[in-house]
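Please look over the sequence and the model shown here before reading on.

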Amino acid sequence: MSKDRTNTEKLYDVIKKPIVTEKSMMATTQYTFEVNMDATKVEIAQAVELAFPGRKVKKVRTVYMPSHEKRMGYKFGRTDSSKKAIVTIEGDPIEELTAI
């Protein structure tokens, strides 16, 4: 018996974490999130609207962040590749993600 997840349960796994940097907080209606690698723009928009009720997503832009080579002493390694989404919302700003 397989455990089929509903669409709502899948949307909770789309957004990994918000990226709060000085550059990402410059715009008042744009927010940056680290998202799942296989997430589409439609799924990202639905996940943001589900996580922050009362907000309407206007635009979603995605960026693939490739892995980089890092060095720790004489050993070399690689960082994880990731995907980030820049989401533009309509209406009031998200209070949980605004800079203090």
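Predicted model: local features only at pLDDT ≥ 70, side-chain atom pairs only at ≥ 80, totals over all residues.

Residues are numbered from 1 along each chain as its sequence is written, and side-chain values use heavy atoms, with hydrogens and water left out.

Visitor: Which element gives the largest share of the lining of the largest pocket?
Guide: A pocket here is an open set of points on a 1 Å grid over the protein atoms alone, where a 1.4 Å probe fits, with protein on both sides within 12 Å along at least five of seven lines, and lining residues have an atom within 4 Å of a point. The lining of the largest pocket includes Ile19, Gln30, Tyr31, Thr32, Arg61 and Lys84, and the elements that give two or more residues to it are β2 (30-35) and β6 (82-90), strands being DSSP runs of E with at least two residues. The largest share, three residues, comes from β2.

Visitor: Why is β2 described as largely enclosed by the rest of the structure?
Guide: Buried means under 20% relative accessible area, exposed over 50% and partly exposed in between, with a 1.4 Å probe and protein chains only. β2 is largely enclosed because, of its six residues, those that are buried number five.

Visitor: With which strand does β2 pair over six bridges?
Guide: Two strands pair if DSSP finds at least two bridges between them. Strand β1 (residues 15-18) pairs with β2 in the antiparallel sense over three bridges, and Ile15 has Val35 of β2 as its bridge partner. Tyr31 stands opposite Val87, and the antiparallel pairing over six bridges joins β2 to β6.

Visitor: Is Glu9 buried, partly exposed or exposed?
Guide: Glu9 lies in helix α1 (residues 7-11), helices being DSSP runs of H or I with at least four residues. At 41% relative accessibility, Glu9 counts as partly exposed.
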